[in-house]
Amino acid sequence: MTPLALSGGPPVRTTLLPYARQTVDEDDIQTVEAVLRSDWLTTGPKVEEFEKAFAAFTGTQEAVAVSNGTAALHAAYAAAGIGPGDEVIVPAMTFAATANAAVFLGARPVFADVHPETLLLDPVCVEARITNATKAIVAVDYAGQPCDYAALRTLAQKHHLVLLADACHALGATYGTAKVGTLADFSTFSFHAVKPLATGEGGMITTDDIDAAGRMRRLRNHGLTSDHRERQERGSWLYEMEQVGWNERLSDIHCALGISQLKKVPTWTKRRQSIARMYDEAFASLAAVTSLGKRAGLTHAYHLYVVRLDPKRLSANRKVIFEALRAEGIGVNVHYIPVHLLAYYRRDQGTSEGLCPVAEAAYQQIVSLPSFAGMTA
Ligand SMILES: *Cc1c(COP(=O)(O)O)cnc(C)c1O
């Protein structure tokens, strides 16, 4: 047998296969080029066009475009009324931004554990974390699989909480007959280059709450009651500001790319699902490597294909296997370091090991394998 690249052998691939990558075709390029030749680079007609197309895609009343997925969380949390003193329940197994956005608003993220097979937010643990200060539950559709929204909705109603979905992995997935984007009071998306729809940087919030959508549109634009284009169309310089907002706008350049990309999401989702089936089959006979569990009654968007390595059945640990795959040119990754173990949360929020044991144990064993629409068999 030829030696592994890690031991000096020739790598399986000469170029790195990334774990995720955007797909940009000639159509996308021409759409962006047309914006560059137009009158509006930002706050122009493409923003509303993208919002309308996205709302139609997810089947929601409203979609609000913002500068990235973190801004989507920030604006949604603010529109949901999250503020100083509030507690927001988030899963430990997520990207830091899900928790950080609560900190931006003076609220406190409270970490709940995940289900051992799916790594999705565990409703039983959520209920145990609810206090008088709890304002909201944020579900994360980890890897692209929708959470148990029936159970989470019941909990939210019983305790009068807002239910949010950080759906950054799950665009294109469905839950029963409902699409991701409609499963919570607010759902947030990221269009970062590695996500299922890529505009470079970008984000969106979907909601059926029309007033909240208006608040988010003002918050993304400094809190002003009108934007540059509206004032230009009215021939007026006047604006009013009732509340302090931020600049979390998304440009027309990004939105044009988003409109073009959105049309391809169904095909891309199918492609990632078929890659996942190939992985499933390949790993079915390997006891040391298990794919994450799939819940019944839904479709999975497979933004990530995550496996767990069983240390008892392997002679090398996760770190060595990770490095060996990297050396072969296979761009594996690890999603995620449990957020409560990051230095800020340990130091400033007093979190520590043992808070979410399922997420902590999973973190030692997981590896994300390459999965993106443009990947060949
Ligand atoms: C990517 C991601 C974010 C942040 O999105 P950005 O566009 O990078 O700000 C938040 N939550 C989850 C689960 C993500 O995957």
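Visitor: Why does L119 count as buried?

Guide: Its relative accessibility is 1%. Buried means under 20% relative accessible area, exposed over 50%, and partly exposed in between, with a 1.4 Å probe and protein chains only. So L119, at 1%, counts as buried. One caution on the source: this is a predicted model, where local features need pLDDT of at least 70, side-chain atom pairs count only at pLDDT 80 or more, and totals for chains, interfaces and linings use all residues. Residues are numbered from 1 along each chain as its sequence is written, and side-chain values use heavy atoms, with hydrogens and water left out.

Visitor: Where is L119, and what is its phi?

Guide: L119 sits in the loop between β3 and α5 (123–129). Helices (H or I, at least four residues) and strands (E, at least two) are DSSP runs, numbered from the N terminus. Phi of L119 is near 60°, a positive value in a residue other than glycine.

Visitor: Why does T43 count as buried?

Guide: T43 has 11% relative accessibility, and the limit is under 20%, so T43 counts as buried. T43 lies in the loop between α1 (26–36) and α2 (45–58). Its phi is positive too, near 45°.

Visitor: What makes T199 buried?

Guide: Its relative accessible area is 5%. That falls under 20%, so T199 is buried. T199 belongs to the loop between β8 (186–190) and β9 (203–207).

Visitor: Which residues does T199 touch?

Guide: Leaving out residues up to four places away in sequence, T199 touches F191, H254, L257 and G258. Contact means heavy atoms within 4.5 Å.

Visitor: What is the peptide bond from H335 to Y336?

Guide: That bond is cis, with omega near 5°. Y336 lies in the loop between α11 (318–327) and α12.
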